[in-house]
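Here is a structure to walk through together.

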Amino acid sequence: MESEHSTSFTLPIRHYVAVLALVTFGLVATHLGLNWYNYQIEEVPWLLLQLFELDEENNLPTWFSGFLLLNNAVVLVLAAGQATQHRVQWLILAAGFLLLSIDEIAGLHETFHTAIDSNWTIYAAILVAVVALSFIPFLIALPRRIAIWFVFAGGVYLSGALLVEWLSRDMDEETLAYSIAVATEEGLEMIGALVFFALNLQRLKGLNPTITIEFD
């Protein structure tokens, strides 16, 4: 008779978040370094530039951004499972981050932008305002410290995704200034998502938690 086995994999959450933070800052620094060299010294090989270009699709930063957003979706599903109230709101947040993860890879908002005459950030800002107002009771129900950090993380993410994107809409894309704007935009998005992810992990598991995954 075949015996039953279970394999567990344990990862300290602080280490995991630290690795994600190092990758985030590493990708932003690499983008800035390559573009500075490209515009100030000599042209960088196109394939190398594209591999780390934060404003392009189908490369390392795009994959990592999608992965980071997917991490948020997973931890929010876990939060919904442990919630005693506002479970629907936790699930809505999880669905939102899943959609953001898909958009990061598939470029849904770029497709939407090509179908309209005005900038897509205007419509996104209206949607965000409506959702934010509907989530006020959810935020009030959270511990004040957590609610403040949630608003902070969301503000950081949205300032990159919407504000910097809108401010840089008319910039010349073939300049170092535009590359810096892109680094600011994408960096703020990743930092906001990372802070939100870390907050939810700490909220679920405590100050010195571990992730344990068991395979039966």
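Leaving aside its neighbours within four places in sequence, which residues is S65 in contact with? In this predicted model, the contacts of S65 beyond those neighbours are E104 and M190. S65 itself sits in helix α3, which covers residues 60–82. Its relative accessible area is 7%, and since buried means under 20%, S65 is buried.

Stay in helix α3 for a moment and look at the rings. W63 and F67 both belong to this helix, 4 residues apart, or about one turn. There are 8 aromatic pairs in the count. In the pair formed by W63 and F67, the ring centres are 5.3 Å apart and the planes meet at 5°, so the pair is stacked. W63 is exposed, at 52% relative accessible area, while F67 is partly exposed, at 29%. Now turn to F135 and F138, an edge-to-face pair with 5.5 Å from centre to centre and 75° between the planes. Both F135 and F138 are buried. They belong to a cluster linked by ring pairs, together with W90, F97, F150 and F196.

Finally, follow helix α9, residues 176–205, alongside helix α1, residues 13–40. Their axes are 10 Å apart and pack at an angle of about 180°, so the two helices are roughly antiparallel. The contact of α1 with α9 has 20 nonpolar, 6 polar and 1 charged residues. Of the 30 residues in α9, 21 are buried, so this helix is mostly covered. At 1.5 Å a residue α9 should span 44 Å, and its end C-alpha atoms are 43 Å apart, which agrees.

Note on methods
Residues numbered from 1 in each chain as written. Predicted model: local features only at pLDDT ≥ 70, side-chain atom pairs only at ≥ 80, totals over all residues. Heavy atoms only, no water. Axes fitted to C-alpha atoms, helices over the stretch in contact; angles between N-to-C directions. Parallel < 35°, antiparallel > 145°, perpendicular 65-115°, else oblique. Nonpolar A, V, L, I, M, F, W, Y, C, P; charged D, E, K, R; others polar. Expected span 1.5 Å × (residues − 1). Buried < 20%, exposed > 50% of the residue type's maximum accessible area, 1.4 Å probe, protein only. Contact = heavy atoms within 4.5 Å. Phe/Tyr/Trp six-rings, centres within 6.5 Å; stacked < 30°, edge-to-face > 60°.
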